Amino acid sequence: MAAANSAGGSAAVRIPQVPPIKVLAAQLRRDAEGVPGAWRLSRAGRGPLQLAAVWMQGKVVTAGGGEARLRDPSGDFSVHGLERVPRGRPCLAAGKYVMVMGVVQACSPEPCLQAVKMTDLSDNPIHELMWELEVEDLHRNMP
């Protein structure tokens with residue numbers, strides 16, 4: 001696994017070598033178990049999913065100091081380490097709709113990600129309109 005350098009002397013973020021799994025904030029709050037680097041998402045009637053990395057989307061509620069609070073259709077989540085994300089700063093304005101790929105750091109009381117990638121999706125409202133259905137479809141069809 002490659003490692004991204006962290007600012008401020010904190011531990012390096014491991015950049016996962018597997019595709020991120022699309023999730024909603026409520027799924028992490030309700031169904032995730034584990035510790036940073038070893039999260040599992042419980043699924044009714046199927047084995048748990050290993051969460052090496054997640055893909056989340058939401059509107060920026062607040063941002064500053066390399067951190068942001070976002071809101072998806074199921075609730076709020078936090079993202080840290082944005083100062084190390086290439087081209088992430090233009091996304092950090094309240095009201096922007098963004099995608100974040102990251103490593104889960106915590107799930108309770110609210111999900112918290114260490115960002116690896118952030119992209120502004122505000123130009124096309126279809127991204128926001130379809131997100132919840134896209135996640136639902138993925139989880140329904142993922143073995």
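# Reading strands, helices and salt bridges

Me: What does Glu128 count as at 36% relative accessibility?

Reply: Glu128 counts as partly exposed at 36% relative accessibility, because that class covers the values between the 20% limit for buried and the 50% limit for exposed. Please keep in mind that this is a predicted model. Over the chain of 143 residues, buried residues make up 41%.

Me: With which residue does Glu128 form a salt bridge?

Reply: Side chains of opposite charge can pair when their charged atoms come close. In this structure Glu128 forms a salt bridge with Lys59, and their closest N and O atoms are 4.0 Å apart. Since Lys59 lies in strand β7 and Glu128 in helix α2, the pair ties together parts that are 69 residues apart in sequence. Lys59 is also partly exposed, with a relative accessible area of 35%.

Me: Which side chain meets Glu134 in a salt bridge?

Reply: The partner of Glu134 is Lys22, with a distance of 2.4 Å from N to O. Here the pair ties together parts that are 112 residues apart in sequence, because Glu134 lies in helix α2 while Lys22 lies in strand β3. Glu134 is partly exposed, its relative accessible area being 31%.

Me: What separates Arg140 and Glu136 in helix α2?

Reply: These two residues are four residues apart in helix α2, which means that about one helical turn separates them.

Me: Which strands does β7 pair with, and in which sense, parallel or antiparallel?

Reply: Strands of a sheet pair through backbone hydrogen bonds, either parallel or antiparallel. Strand β7, residues 54-64, runs parallel to β3, to which two bridges join it, whereas six bridges join β7 to β10 in the antiparallel sense. With β8, residues 67-72, β7 pairs antiparallel over five bridges. On the β8 side, Thr62 has Arg69 as its bridge partner. Between β7 and β8 there are two residues, so that the two strands form a hairpin, and Gly65 in the turn has a positive phi of about 60 degrees.

Me: In which order do the three strands of the open sheet stand?

Reply: The order is β4-β5-β6, and the pairing is antiparallel. Strands β4 and β6 stand at the edges, each with a single partner strand, so one side of each is left without a neighbour in the sheet. Three bridges join β5 to β6, and Arg40 stands opposite Gln50 in β6.

Me: Is His139 buried or exposed?

Reply: His139 is buried, with a relative accessible area of 9%, and lies in helix α2, residues 126-141. The side chain of His139 reaches the backbone oxygen of Lys22 at 2.7 Å. Contacts of His139, not counting residues up to four places away in sequence, include Ile21, Val23, Leu41 and Leu49.

Me: Which residues does the cis peptide bond join?

Reply: The cis peptide bond joins Ser108 and Pro109, and its omega is about 5 degrees. Pro109 lies in the loop between β10 and β11.

Terms used
Residues are numbered from 1 along each chain as its sequence is written. This is a predicted model: local features need pLDDT of at least 70, side-chain atom pairs count only at pLDDT 80 or more; totals for chains, interfaces and linings use all residues. Side-chain values use heavy atoms; hydrogens and water are left out. Two strands pair if DSSP finds at least two bridges between them. Buried means under 20% relative accessible area, exposed over 50%, partly exposed in between (1.4 Å probe, protein chains only). A polar contact is a pair of N or O atoms within 3.5 Å; within protein, one must be able to donate a hydrogen and the other to accept it, and residues adjacent in sequence count only if both atoms are side-chain atoms. Contact means heavy atoms within 4.5 Å.
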